[in-house]
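Please look at the sequence and structure below before reading on.

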Amino acid sequence: MKQKTLTNTMDYQELADVYEQLDKTTKNLEKRDIIADFLKRTPKSELANVILFLNGEIFPSVSEEVLGIADKMVLKALSKITGKNENAITNVWKEKGDLGLVAEQVVKKKTQTTLSQEKLTISYVMEILRAIARFEGENSTQKKTGSLAKLLSSAKPKEARYITRTALGDLRIGVGFGIIRDAIVKAFNVEKEHVQHAYDFRSDLSELVLLAKESGNKGLKNVDLKVGKPLRLMLYQKAQGISNGFTRVGAPAAIEYKYDGMRVQCHFKKGEVTLFTRRLDDVTKQFPDLVGALKEHVSCKECILEGEAVAYNSKTKEYVPFQILGKRIKRKHRIDEIAKKIPVVLYVFDMLYLEGKNLLLEPFKKRRAALERIVRKKAWQVELAKQVITGNEDKAQRFYNEALEKHQEGVMMKKLDAQYQPGSRVGFGVKVKPILEPLDLVITGAIWGEGKRGKWLSSYVLSCKKGDVLAEIGKMATGLSEEQFEEVTKRLEPLITKTSGKRVEVQPKLVVEVGYEEIQKSPTYSSGFALRFPRLIRFRDDKEEPDDLERIKRIYQDQKSLSQKQA
DNA sequence: CTTGTCTGCCCC
DNA sequence: ATTCTGC
DNA sequence: GCAGAATGGGCAGACAAG
């Protein structure tokens with residue numbers, strides 16, 4: 001008689017079996033039941049590890065630690081196990097479309113020759129992966145790949161599949177927070193809204209699951225918004241034009257500029273300011289100028305507000321492209337220097353908490369009013385997002401055009417009486433952006449896909465004409481249906497002229513119409529330009545030649561001076 | 001020392 | 001970020 | 001309508017390679 005629930009350890013094999021069951025079904029309710037069942041029989045001591053693993057994590061997302069392993073390091077590790085070079089492994093990868101499956105095969109072949117197998121426990125696998133994350137300095141790559149190789153060698157084939165996918169941060173089992181939440185609800189007999197509520201304010205699954213098990217609804221309800229701890233951001237959907245926007249959020253609505261910068265959640269407490277990104281990373285150190293400006297121009301003891309940080313040129317007082325702001329986001333050295341060189345202005349647009357009062361359930365217009373009360377506007381430092389309130393389509397359209405003329409991305413349209421809904425894309429607000437004139441480009445290369453696109457060439461290298469030759473301008477991998485991926489793969493395969501790893505070069509025959517948000521200067525592509533957010537609009541089988549670089553240069557210049565738009 | 005490669009629940 | 005897909 | 005998967009450009013940092 002086994003006493004699994006009485007022991008404090010659990011075999012990784014059990015988790016691997018669960019992963020496989022989840023992999024096999026596409027039905028969300030079945031996935032929920034599989035996970036709920038597993039959580040119920042997981043001992044308390046393993047629960048935190050199990051819930052992280054189910055979410056494909058090694059560390060809670062609130063942690064600053066990262067694993068530091070991706071496909072190239074996994075290739076190195078698999079190369080160590082097999083003694084084959086990385087090119088040979090890459091060829092298998094290309095066929096299978098999943099490094100987890102490659103690892104599984106590698107281990108399967110190996111176990112035929114080695115007999116003794118010690119069982120891996122969940123906590124042991126977690127311990128090793130975390131140790132791998134902590135290697136640093138000289139030879140750390142060797143140490144990381146060595147440890148990973150050793151771990152995979154001691155795993156069974158199926159375990160190797162999922163350890164590898166976990167290391168790559170891509171479980172591909174169709175499980176995200178939504179299903180895990182519903183499984184917690186079922187396993188520990190708690191209310192869905194309470195689990196969601198606790199997650200919105202902490203985003204730490206391992207803390208959450210223990211709370212659900214130990215303290216139930218009461219414990220979950222007690223988790224509250226706390227200044228200094230980031231909460232999940234409200235997300236916005238896309239609308240197709242102003243008129244569609246009104247039907248989605250109602251009229252009248254608040255309409256605001258959509259600035260091209262970085263979203264920032266700002267916490268004030270006892271004179272201290274903390275800044276968080278959209279993914280809830282702490283970027284306070286990176287923006288000392290913003291911290292200073294906020295301390296000076298926001299008058300409150302405690303509050304949480306939200307805004308968009310936009311970079312500008314201090315001499316010309318013109319906004320600069322997002323790329324330039326990007327230089328500041330991950331900066332760790334010489335921060336003051338870059339802060340002077342690339343100043344930012346914060347356009348604040350929401351207030352979530354003020355002087356002990358949670359404002360999330362207040363209607364948006366009241367939150368905006370609170371913001372207007374406590375933020376003292378200071379030009380080019382802290383300003384309120386430009387806003388009009390109207391139900392008039394012409395007026396809204398004029399405001400939208402004005403935003404575009406000032407080189408912003410478009411507008412946000414917000415429901416006046418909507419609450420702040422953390423973490424979900426409910427339709428309380430929508431974004432409206434213009435459709436730019438598309439480009440006709442020719443496919444000159446492609447890359448074999450991963451996962452559900454494993455059988456197809458699923459990313460396409462695009463080129464334009466540059467005089468008599470072709471010049472690359474980027475890649476495109478979205479906008480196609482599965483049927484279209486199949487078709488393009490069939491059409492490109494006979495055109496392949498060269499293969500290297502997962503990449504192929506093809507004769508330039510297939511012309512496609514490509515949509516995008518912006519043309520950027522590129523340090524990567526031979527044309528000197530790249531597209532921001534490229535996607536397929538349609539095939540241009542009527543055309544044999546792509547657009548010329550001159551046209552792209554012209555659009556780039558137009559973008560800088562007058563923003564071109566089509567309704 | 002310089003240059004190239006890889007990584008990131010990165011930012012968009 | 002965008003887009004497609006299954007529920 | 002939602003959640004999940006698969007993919008885009010480009011940035012700094014960390015380390016490897018030369």
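**Second largest pocket**

- Helix H15 (322-329), strand E18 (518-521) and helix H20 (549-561) each give at least two residues to the lining of the second largest pocket; helices (H or I, at least four residues) and strands (E, at least two) are DSSP runs numbered from the N terminus.
- The volume of this pocket is about 930 Å³.
- Among its 33 lining residues, Pro 321, His 407, Glu 518, Gln 559 and Lys 560 are closest to the centre.
- On a 1 Å grid over the protein atoms alone, a pocket is an open set of points with protein on both sides within 12 Å along at least five of seven lines, a cavity is a set where a 1.4 Å probe fits but cannot get out, and lining residues have an atom within 4 Å of a point.
- Grid points are joined across faces, edges and corners, and a volume is the space filled by probe spheres set on them.
- Domain 2 (237-432) and domain 3 (439-562) each contribute at least three residues to the lining of the second largest pocket; the domain bounds come from an automatic or database assignment.
- By class, this lining has twelve nonpolar, nine polar and twelve charged residues. Ala, Val, Leu, Ile, Met, Phe, Trp, Tyr, Cys and Pro count as nonpolar, Asp, Glu, Lys and Arg as charged, and the others, Gly among them, as polar.

**Basis of the model**

- This is a predicted model, in which local features need pLDDT of at least 70 and side-chain atom pairs count only at pLDDT 80 or more, while totals for chains, interfaces and linings use all residues.
- Residues are numbered from 1 along each chain as its sequence is written, chains are lettered from A and ligands numbered from 1 in the order written, and side-chain values use heavy atoms, with hydrogens and water left out.

**Overall dimensions**

- Chain A contains 20 helices and 20 strands.
- Its C-alpha atoms fill a box of roughly 75 × 70 × 45 Å along the principal axes.

**Cavities**

- There are two cavities of 30 Å³ or more.
- The largest cavity holds about 40 Å³, and its lining includes Ala 198, Tyr 199, Arg 202 and Leu 211.
- Helix H11 (192-202) and helix H12 (205-222) are the elements that give two or more residues to the lining of the largest cavity.
- The second largest cavity has a volume of about 30 Å³; Met 234, Phe 364, Lys 414 and Phe 428 are among its lining residues.

**DNA strand B**

- Of the 21 residues around DNA strand B, the closest are Glu 57, Ser 61, Val 66, Met 73 and Arg 279; a residue is near a strand if one of its heavy atoms lies within 4 Å of it.
- Sugar and phosphate make up 81% of the atoms of DNA strand B that come within 4 Å of the protein.
- A side-chain N or O atom of Glu 57 is 2.7 Å from a base nitrogen of DNA strand B.
- Helix H4 gives the most to the surface near DNA strand B, with three residues.

**DNA strand C**

- Thr 26, Arg 278, Thr 478, Glu 482 and Arg 535 come nearest among the 13 residues around DNA strand C.
- For DNA strand C, sugar and phosphate account for 94% of the atoms within 4 Å of the protein.
- Phosphate oxygens of DNA strand C lie 3.2 Å from a backbone N or O atom of Gly 479 and 3.0 Å from one of Glu 482.

Methods:
Polar contact = N/O pair within 3.5 Å; in protein donor to acceptor, adjacent residues only side chain to side chain.
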